[in-house]
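Me: Got a model open here and want to go through it chain by chain. Can you take quick questions?
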Amino acid sequence: MISLKRVNKWYPSGDKPLHVLKQVDLDIAQGDYISIMGPSGSGKSTLLNMIGLLDIIDEGEYWLEGTPTHLLKEEQRAELRGLYLGFIFQNFQLINRLSAAENIALPLVLAEIPKKERNIMVANVLEKVGLQDRAHHRPGQLSGGQLQRVAIARAIVTQPKVILADEPTGNLDQSAGLDIVQLLESLNQQGLTLLVVTHDRVIGKRATRKVRMVDGVLSEQ
Amino acid sequence: MTINDNIAFNAQLLIRHRWRTTLLMLCVAMGVSAVVLLVSVGESARLYVAREFSMLGSNLLIILPGKKQTSGGGIPFYGTTTRDLTLQDAASIRQLSGVDSVAPVIAGTANASVGARSKNVMVLGSTLDFLKARQLSIAMGASLPDDAESVSRNVVLIGSNLAQELFAPHNPLGKMLTIDDYRFRVAGVLAIRGESLGLDMRDAVILPVKTSERLFNSFSLFRILISLNGLTDEKTVISDIYALIKKRHQGEEDITIVTQQSMMQAFNNIMVTLTTIVGLLGSVSLVVAGILIMNLSLISVQQRRTEIGLLKALGASQHVVLTLFISESIILVMLASAIGLGFTQVLLLLANYWWPTLSFSTPLWAYLSAVCVALLTAVLFSYLPAKQAASISPVEALRK
Amino acid sequence: MRASDTLSWVKHAVLAQRSRNFLTVLGFAIGISAVTLLAAVGDSLKQYVLSEFTQFGSNIIGVTPGKSDTMGITGILRTNRGITLGDAQSLLTLNEVTGVVPVVAGTAEIKYRNLTRATELVGVSHFAAKAWKLEVAQGQFLPEDHFTHPRAFVVLGSKLHHELFGDYTALGESIRIAGHRFTIVGVLAPKGQFLGMDLDEMAYIPAAKGLSMFNRTSLMEIDLLYSPSLESAYMAGKIREHLIRRHGVEDFTIVTQDQMLDTLDGILNTIRFAGIAIGSISLLVGSVGIYSILTISLWQRRNEVGLLRALGMQQSLLIRLFLAEAIFIALMGGSVGLIVLALVQVTLSTFMPQLPALLTLYSASLGIGVSIFIGALAGAEPAFKASRLPPIAALRAQ
């Protein structure tokens, strides 16, 4: 489903650009559960951003569902993002002035889905993450764990194929973090491909495939 | 905090937040510049006219033929009456105490020609006293003869433009000029003074008043200009003149007397009102600039919570923080005002270069009030943000 | 994004930052108020002045003695080459001319029994009633007499009549003007003021009588009426031709109503423009307010921008959303400004009914239009800048 071939990326930095991804090869099938670990600065977040189409590769190929994304323009990449990908960030990235339900509905609004249908889909997904009674609360009124669950609900409301989670438990305490990971895993069991970047060994070990990034080089454990 | 430290602290702040500083300064500078420019133009215009008026002497009365008893008041616009105001009337007024000189004026239009060249001109018949009263001087040749009021001599004075148009390249002095079928000799050319309160003398012809009676076949005077010697109260002289004319005109008081002062006063009032209105309108922009200052300051205070908390933790009192924030606005506004004032001066300088007659300048009170208003704006609109800043607790310094 | 969602989004976004947007709206509102107020006042002034001048009808051409004087003031000065009653009479022979009013005016004392009144006396012809739209309240206007040998009739303005006769109908009575007897044939309906001259205090006599009374041979002006279907320029040409034939030279000035209105228009437009320019300074500062607040807001909402991009929002939609926010703020400001003006107008007009309109339909639509335009302009740069932020950079902001 996802195929990276000989991917290279550089970041401009002073005189000499940093080579952050070196000849990365990675194939991901539908339903895979992959953890990406490594020391800070190793390029794991960069890798995730590339796969998430938030950034462009400099060299190599990135095939997503048969589409050569490395040849696409930003508009087309945006479209693919909305279609196939769901994101989960360390700092949740929720809009504070909107309620939980409104935050979750955002991808649907972008897809121009009418209000009635939206409400149904949002309600469904709120149930899945167990926050039905928090639908109209604002982010300021929710705990860290609840916030991440809202983020997850938003990520899955468009029924994407892949979920990309960048340090999903980074801002949570241990038990809340565990809850989140378990929720993500249950989604994976229902068929969603799950990619998790984490520095937490315990969480990283739970994945079925483990990938390690060291100094821009990918190796699978 | 000492003033120097205050300034130093705020200076680096303003430099650090260049974008915000530039925008705010631009707005304040625009507002100040606009207000000062408008007020300057208004004042310069007023002073120009006041100067023109004062050059005509302050003890001047103008007699117009005709009287209106209508509710609107006002001066008799047409100046035509059933009974002529004559040279004899003027002569008798001369006898009144308090009167220094009397200049009777007959005004008309005629065709002036020299050979093939001709031009339609304004013709004024008067005396030496008129030239004196209107501050007209001779550039070339001689002035009107002394007996302009009694003897009809065929001599004229012509305006500078007329001399150019009808006689160039020759010298007009001594040459003959035809006005409406009558021949005259050019005795002198008027100095270039251009306009004097609406009368463009460059295209005018001045002859002895007695001659103009013959030229226009009429004894009817257009105006009588009277200058007073100050020995008698102005009001008394005015009522004396009314009484005299009434007696001479068989009981009809068919003249209107206007004092130079009252005309000038009326004009002055109009100009002051106009300038004030226009100035106030311009000042509205400073209010809007003040609102922007308040808005951006409030945001800035929010953004600098940690920094302010730190200041407090280091021992700054509420008062110090308040002063600091208000002085930041004051410094900004003062700098912006300076720029605005400078810009206005540049504009006025350019204006003077192109239109030197009006001699634009900014009165001192305008500078001072502009600066004061700007300062007031700064203090008023930064008070709320400053108060907010002052109430931030030191604990904020600990927040991430 | 669907329209209803867009509106909802924009509304939410603007209301979320209530205090700063309130101030922005306030500043902009003041600017719009200033500009529309001055535009409306300029309009009202123009209307007032133009209506004052056109109250005399529009198919009029004025001829004055001497050359090049658009306002016809030279008529007052003495001249040897004037325009005569003969000229006026002869102009009647032109087919296109439907009325001729020879004019001479001045002040004179009017006596009735032991009452005297010094007032403005105007020498005209019977055509003056039609030409200057003079309404007769009692009796009739001057009759159609020969220009050069008219009967000694007089028509009084309403106020003048009242002062001399009170409520008594004075038709047929004699009054003395400068020693000559005149019979009253009519009294005019009240007409009001024109350029500070009280029209109701005037007395109208035949021009020939006026000329002899004021010791003049030349009229001050001849007003001509012509058929409405003709062009003023054409008429002016015909009249010029005719008078040159009589005078031999062009020692007169012809001014059409159009020319005079054009000159007036020019002056009034300049004043109006100047007023709007002064108001625009406030508007400019208000616009800078929108620009700066939007720039700051978008900078602070960087991660929101990044999120939206991550979710798949196109750059063009992003730009439109932020532009819409700017326009929304500007429109709110514009509306507030206009509403305040309307309220002020309503309250003030209870005390001062002669107040000129502070808000006209034209100035209001100008205000709304300008608001939208400036909103778009001020919001353009911040919106574009925000949309060009790379998504990850935006997301990384805290």
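Me: How is chain C divided into domains?
Reply: This is a predicted model. In it, chain C has domain 1, residues 3-52 + 263-396, and domain 2, residues 103-222.

Me: How far apart are the C-alpha centres of domain 1 and domain 2 in chain C?
Reply: They are 57 Å apart in chain C.

Me: And what does the domain assignment of chain B give?
Reply: Domain 1 of chain B covers 3-53 + 265-398, and domain 2 of chain B covers 101-223. The C-alpha centres of those two domains of chain B lie 56 Å apart.

Me: What is the secondary structure of chain B?
Reply: Chain B has eleven helices and twelve strands. Its radius of gyration is 33 Å, well over the 21 Å that the globule rule gives for 400 residues, so chain B is more spread out than a compact globule.

Me: What box do the C-alpha atoms of chain B fill?
Reply: Roughly 105 × 55 × 35 Å, taken along the principal axes.

Me: How much of chain B is buried?
Reply: Buried residues are 42% of the 400 residues in chain B. On contacts, take those in chain B between residues at least 6 apart in sequence: 81% of them join residues at least 24 apart.

Me: Now the chain pairs. Which chains share the most contacts?
Reply: Chains B and C, out of two pairs of chains in contact. Chain A and chain B have no contact; their closest C-alpha atoms lie 14 Å apart.

Me: How many residues are in contact between chains B and C?
Reply: 51 residues of chain B are in contact with 49 residues of chain C. On the chain B side, the elements giving two or more residues are helix H2 (18-55), strand S2 (99-114) and helix H8 (260-303).

Me: Which of those gives the largest share of the chain B side?
Reply: H8(B), with 15 residues. By class, the side of chain B that touches chain C has 25 nonpolar, 20 polar and six charged residues.

Me: What does S2(B) pair with in chain C?
Reply: S2(B) pairs with strand S2 of chain C, residues 78-79. The sense is parallel, over two bridges. Thr109(B) stands opposite Thr79(C) there.

Me: Remind me, what do strands of a sheet pair through?
Reply: Backbone hydrogen bonds, in either the parallel or the antiparallel sense.

Me: Over to the contact of chain A with chain C. How many residues does the contact take from each?
Reply: 20 residues from chain A and 18 residues from chain C. On the chain A side, helix H2 (74-84) and helix H3 (100-110) are the elements that give two or more residues. H2(A) has the largest share, six residues.

Me: And the classes on that side of chain A?
Reply: The side of chain A that touches chain C has ten nonpolar, three polar and seven charged residues.

Me: While we're on chain A, what is the strand order in its open sheet?
Reply: S2-S1-S4-S5, four strands with antiparallel pairing. The edge strands are S2 (18-28) and S5 (67-68) of chain A, and each pairs on one side only.

Me: How many bridges join S1 and S4 of chain A?
Reply: Five bridges join S1(A), residues 2-11, to S4(A), residues 59-64. The two run antiparallel. Ile2(A) stands opposite Leu64(A) in S4(A).

Me: Back to chain B, around S7(B). Does S5(B) run parallel or antiparallel to S7(B)?
Reply: Parallel, with four bridges joining S5(B), residues 155-158, to S7(B). Leu157(B) has Gly188(B) as its bridge partner in S7(B).

Me: And S4(B) with S7(B), parallel or antiparallel?
Reply: Antiparallel. Three bridges join S4(B), residues 138-141, to S7(B), residues 182-190. Met140(B) has Val189(B) as its bridge partner.

Me: What about S6(B) and S7(B), how many bridges?
Reply: Four, in the antiparallel sense, with S6(B) spanning residues 176-179. Leu177(B) has Phe184(B) as its bridge partner in S7(B).

Me: What do S6(B) and S7(B) form, and which residue in the turn has a positive phi?
Reply: They form a hairpin with two residues between them. Asp180(B) in the turn has the positive phi, about 45 degrees.

Technical notes
Residues numbered from 1 in each chain as written. Chains lettered and ligands numbered in written order. Predicted model: local features only at pLDDT ≥ 70, side-chain atom pairs only at ≥ 80, totals over all residues. Contact = placed C-beta atoms within 7 Å. Nonpolar A, V, L, I, M, F, W, Y, C, P; charged D, E, K, R; others polar. Pairing = 2+ DSSP bridges. Domains from an automatic or database assignment. Rg over C-alpha atoms; globule rule 2.2 N^0.38 Å. Buried ≥ 20, exposed ≤ 12 C-beta atoms within 10 Å, placed from the backbone.
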